[in-house]
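Hi,

Here is the structure I promised to pass on. Have a look at it first, and then read on for what turned up.

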Amino acid sequence: MHASNRTAGIAGILFLLTFASAIAGAALYAPLLTDPDYLAGSGADTRILLGAVCELVLIVANIGTAVVLFPVLRRHSETAAIGYVAARIMECALIAVGILSVLTVVTLRQTAGADAGEYLPVARALVAVHGWTFLLGPGFVVGIGNGLLLGFLMYRSHLVPRPLALFGLIGGPLMSLSGIAVLFGAYGQSSVPSALATLPEIIWEASLGIYLTVVGFRLPRKARAGEFLRSRGSSLL
């Protein structure tokens, strides 16, 4: 396999891994995030800890996409490529804060004992911290980094079809603006308007992961022209 296609394949697998780990983490966290009295209940601590592991995998995969793609993307705009790496790191820092808040709730439940009821406001505050980190990380920073910057780099480089890259260029800013709208209370993060605003970015990231895994990078236009001429020449022989 050509080195560039190997790089594309690794990046594609990492993008798909971010989807799988993020969905798994959110599903495993559900008992803690949806039950305001989780601290005083029977708990599902093992499930929550597995969710934290999934989000740690998400952090590794997120940063991995930026590290793997950076040498390729910097050829087309080093400034935008560095911005993409920085956005990925910032997103992961916010996710890490969310993991810590969830793990702290688990520790409180395991150590509070008969006094668990007294710590319910603290646990609810920590769950609120997780919600804000999700909004500001995956809900806002992703739109700038994975959407706008990566979409611009892919559009400019022709490494993927330009109509596909447009999903990132359009979906990223739309997602970030939606995050700001949620921040100011225009609608809820799990509302229909939020889901519709996030959809183009989801399509972009999922399609990019599949495309890079299955197809790889498109050849530069000059290389494609050279391949076409070589194929024409061989057909005439």
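A word on terms before anything else: helices (H or I, at least four residues) and strands (E, at least two) are DSSP runs, numbered from the N terminus. With that in hand, the chain reads α-α-α-α-α-α-α along its sequence, which comes to seven helices and zero strands.

Do keep in mind that this is a predicted model, where local features need pLDDT of at least 70 and side-chain atom pairs count only at pLDDT 80 or more, while totals for chains, interfaces and linings use all residues. Residues are numbered from 1 along each chain as its sequence is written, and side-chain values use heavy atoms, with hydrogens and water left out.

Now the overall picture. Along the principal axes, the C-alpha atoms fill a box of roughly 85 × 35 × 30 Å. Of the 237 residues in the chain, 41% are buried (under 20% relative accessible area; exposed is over 50% and partly exposed is in between, with a 1.4 Å probe and protein chains only).

Next, the largest pocket. A pocket is an open set of points on a 1 Å grid over the protein atoms alone, where a 1.4 Å probe fits and protein lies on both sides within 12 Å along at least five of seven lines; lining residues have an atom within 4 Å of a point. Its volume is about 770 Å³, counted as the space filled by probe spheres set on the points, which are joined across faces, edges and corners. The lining has 35 residues, and Ala-22, Phe-134, Pro-138, Met-175 and Thr-198 lie nearest the centre. Helices α1, α2, α3, α4, α5 and α6 each give two or more residues to this lining, and α1 gives the most, with eight. By type, the lining splits into 17 nonpolar, 13 polar and five charged residues (Ala, Val, Leu, Ile, Met, Phe, Trp, Tyr, Cys and Pro are nonpolar, Asp, Glu, Lys and Arg charged, the others, Gly among them, polar).

In α5 the kink is about 25° and lies at Gly-171, shortly before the proline Pro-173. Gly-171 is also one of the buried residues of α5, and so is Met-175. Over in α4 sits Gly-137, which counts as buried because its relative accessible area is 0%. Gly-137 and Met-175 are 38 residues apart in sequence, yet 11 Å apart in space, C-alpha to C-alpha.

His-158 is found in the loop between α4 and α5, and it counts as buried because its relative accessibility is 11%. Its side chain makes a polar contact of 3.3 Å with that of Arg-162 (a pair of N or O atoms within 3.5 Å; within protein, one must be able to donate a hydrogen and the other to accept it, and residues adjacent in sequence count only if both atoms are side-chain atoms).

Cheers

Key. The bend at a residue is the angle between axes fitted to the seven residues ending there and the seven starting there.
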